Amino acid sequence: MRIDTNRFGTLQINADELFLFPQGLIGMETLRQWALLPDPESASVAWLQSASRGDRAIPLVSPRAFFPEYRVHISRRELGSLHLRSGSEIYVMTTVSGREGKVTTNLRAPILLNLDHRLGCQVIADNDLPIQQTLQIASAAKQPAETTAAEIKAALSPLRRAA
């Protein structure tokens, strides 16, 4: 599949590498297929790139990389679209916004990814978490070509779901 993007140029991605968001994302409910890509400048950041809209890309971070005590409370009903089984791993990511010098992440509306089934959803947490929490993101010393999808997967924070 070929995706022409504003941020990453033209990408060639296999359809089975895309994540399906059955309900879309908050504010982008009609965009359902997304690619997870490494950021060429920061190993702390990954991007969700829309497969159907080249002008839609969302920066993400693993909140536990910045806030080790981060815990999100989500109802079982909201997790239904991820088709989780006992022992399934899901990855919790949060969106990033701002500009250089003032970057924040939304801890209240995380994005959950089931890597096994390539499914994702964005939820509103039941607990009282900030919508804008300041982040300190340093540029990576790596060259862009050195950051791989496997490194993103390794950097994501796993959350094991109990049966």
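Is W47 buried or exposed? In this predicted model, local features require pLDDT of at least 70 and side-chain atom pairs count only at pLDDT 80 or more, whereas totals for chains, interfaces and linings use all residues. Residues are numbered from 1 along each chain as its sequence is written, and side-chain values use heavy atoms, with hydrogens and water left out. W47 is buried, with a relative accessible area of 7% (buried means under 20%, exposed over 50% and partly exposed in between, with a 1.4 Å probe and protein chains only).

The structure contains two aromatic pairs, defined for rings of Phe, Tyr and Trp (its six-membered ring) with centres within 6.5 Å, where planes under 30 degrees apart count as stacked, over 60 as edge-to-face and the rest as tilted. F8 and W47 are edge-to-face, at 6.1 Å centre to centre and with 80° between the planes. Because F8 lies in the loop between β1 (2-5) and β2 (9-12) and W47 in strand β5 (residues 45-50), this pair ties together parts that are 39 residues apart in sequence; strands (E, at least two residues) are DSSP runs, numbered from the N terminus. The rings of F66 and F67, with centres 6.5 Å apart and planes at 45°, form a tilted pair, and F66 is partly exposed at a relative accessible area of 22%.

Strand β9 (residues 111-114) directs I111 and L113 one way and L112 and N114 the other, and all are buried. Pairing, which requires at least two DSSP bridges between two strands, joins β9 to strand β7 (residues 89-99) in the antiparallel sense over three bridges, with L113 as the bridge partner of Y91.

Note on methods. Helices (H or I, at least four residues) and strands (E, at least two) are DSSP runs, numbered from the N terminus.
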